[in-house]
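These are notes for a colleague going through the model. Please read them beside the coordinates.

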Amino acid sequence: MVYVGIDVGATFIRVGLVDEGGSVIDKLKVRQPSSGDENTVAEVIIKAVKNLARSRSIAGIGIGSIGPLDLKSGIVPLAPNAPIKRFKLVEPIIREFRVPVVLGNDAMAAVWGEYVFGIGKGIRNLIYITFSTGIGAGVIVDGHLLIGKDGNAHEIGHAVIDIDSNIQCGCGGYGHWEALGSGANVPRVIKEFIKGKTYRSRLHERLSRNEYVSTEEVFQAYYDGDELARDFIDNFLMRVHAAGIATVMNAYDPELIVLGGSMALNNKELFRAGIGRYLGRYLTVRAARIEFTEFGDDIGIVGAAALVYKVPDSLREFVEGYNKYLQ
């Protein structure tokens, strides 16, 4: 018997088979469909699970998805960063495979994966933060996974970091942590950052010509010593992330914060030093230990599988409600 973990991201969907020890046996990655109706994402997932599982017996399917979520209905009602904004997850998948299905936010799943299988074992106050296309968090307080009325108690990426910012988040709000510092928004934010400034910088020259510069290119320019990239990342982006992490620490008082997502995992030392430089300016509680996930890109798969391997008490009422789809 294996557990299926499904990591639904804004750009890619990762599907994996996980054993009872939290090890990924097999996995694959498919791109989010660029268009379709509310059933299209589930159809892509079902095909991927069938291709991966083949003749293996599936004990259950866990799904960690971008949000916001409507856990009661098992859907994503409005995903700001995904091509298809509204899509079903639980109903089509549970009807197809006839096994238990558990849905949670992707970062919620990740923190549960760390709690059950990873470096969060034995820690009662634990937070996972992902820095990727967006910024999200999963929160465990006193051993209890926080859920909220619809499954969005952890949407810390939409904490307001700058009330004076005119940069609009994908959700429609302004000044949000995600708007100012996520992978999807760095190319837009750096254009605002250079207004009224001049640099001896190749990156500045490209932006001045209105060329598109990706987040990866901004970080590479940093390592190449580009003056603009150094100023932007050291004196703006890392301050934004320090303020966001301090907000998390102040709100939940965790023992450990685990960082993940491609932006953080590809720039560990930069993040560690940059956040450490500014964190104390915004902190009111005793600082939590900060580590990086040891699961790498597999944390979404492992976390999703952990949701169904050991169902959190706070999700049980939603899971029981999904039984109607088995009728």
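Predicted model: local features only at pLDDT ≥ 70, side-chain atom pairs only at ≥ 80, totals over all residues.

1. Residues are numbered from 1 along each chain as its sequence is written, and side-chain values use heavy atoms, with hydrogens and water left out.

2. Five strands form an open sheet in the order β3-β2-β1-β4-β7, with mixed pairing. Strands are DSSP runs of E of at least two residues, helices are runs of H or I of at least four, and both are numbered from the N terminus; two strands pair if DSSP finds at least two bridges between them. β3 (24–31) and β7 (101–105) each have a single partner strand, so one side of each has no neighbour in the sheet. From one strand to the next the twist averages 15°.

3. β1 (residues 2–8) and β2 run antiparallel and are joined by six bridges. Within this pair, I6 is opposite V15 of β2.

4. Helix α1 (residues 40–53) lies across β1, β2, β3 and β4 (58–65), at about 35° to β2. Axes are lines fitted to C-alpha atoms, for helices over the stretch in contact, and angles run from 0 to 180 degrees between N-to-C directions; contact means heavy atoms within 4.5 Å.

5. The largest pocket has a volume of about 1000 Å³. Of its 49 lining residues, T130, S132, T133, G134 and S262 are the closest to its centre. A pocket is an open set of points on a 1 Å grid over the protein atoms alone, where a 1.4 Å probe fits, with protein on both sides within 12 Å along at least five of seven lines; lining residues have an atom within 4 Å of a point. The volume is the space filled by probe spheres set on the points, which are joined across faces, edges and corners.

6. Elements giving two or more residues to this lining include β2 (12–18), β8 (126–131) and α11 (299–309). The largest share, five residues, comes from α7.

7. I129 lies in strand β8 and counts as buried because its relative accessibility is 0%; the cut-off for buried is under 20% relative accessible area, with a 1.4 Å probe and protein chains only. Beyond four places in sequence, its contacts include W177, I245 and L259.

8. T215 lies in helix α7 and is buried, at 8% relative accessible area.

Definitions and conventions. Buried < 20%, exposed > 50% of the residue type's maximum accessible area, 1.4 Å probe, protein only.
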